[in-house]
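Welcome! Please take a moment with the sequence and the model below, and then we can walk through them together.

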Amino acid sequence: MQTNMHEAKSKLSQLVEAAVLGEEVIIAKSGKPLVRLVPFQPHTKREFGLLKGKIKMSSDFDSKEVNDEISEMFGM
């Protein structure tokens, strides 16, 4: 649904409810879309250790030779 700025001011509650229910709400000015009204998504708490055992590194991942090779790739 697209609505103009004036209508959005007077119908903000209804537009917010529509967005929360999954409807795309676009607010326009002079017929040009300006913003999209979307529901707030709270950040989820990070959990450490989720990738434990899923990532493997070679034993020489931090050796001088590997670091020199990477530096050379980036022109350092």
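**A walk through the model**

Let us start with Leu50, which sits in the loop between strand 3 and helix 3 (64–73); helices (H or I, at least four residues) and strands (E, at least two) are DSSP runs, numbered from the N terminus. This is a predicted model, in which local features need pLDDT of at least 70 and side-chain atom pairs count only at pLDDT 80 or more, while totals for chains, interfaces and linings use all residues. Residues are numbered from 1 along each chain as its sequence is written, and side-chain values use heavy atoms, with hydrogens and water left out.

Leu50 counts as exposed because its relative accessibility is 56% (exposed means over 50% relative accessible area, buried under 20%, partly exposed in between, with a 1.4 Å probe and protein chains only). Between the C-alpha atoms of Leu50 and Lys11, 39 residues apart along the chain, the separation is 44 Å.

Three strands make an open sheet in the order 1-2-3, with mixed pairing (two strands pair if DSSP finds at least two bridges between them). Strand 1 (2–4) and strand 3 (32–37) are at the edges with a single partner strand each, so one side of each has no neighbour in the sheet. Strands 1 and 2 run parallel and are joined by three bridges; Asn4 has Ala28 in strand 2 as its bridge partner.

Finally, look for Ala19. Leaving aside neighbours within four places in sequence, Ala19 is in contact with Val25, Leu37 and Pro39, where contact means heavy atoms within 4.5 Å.
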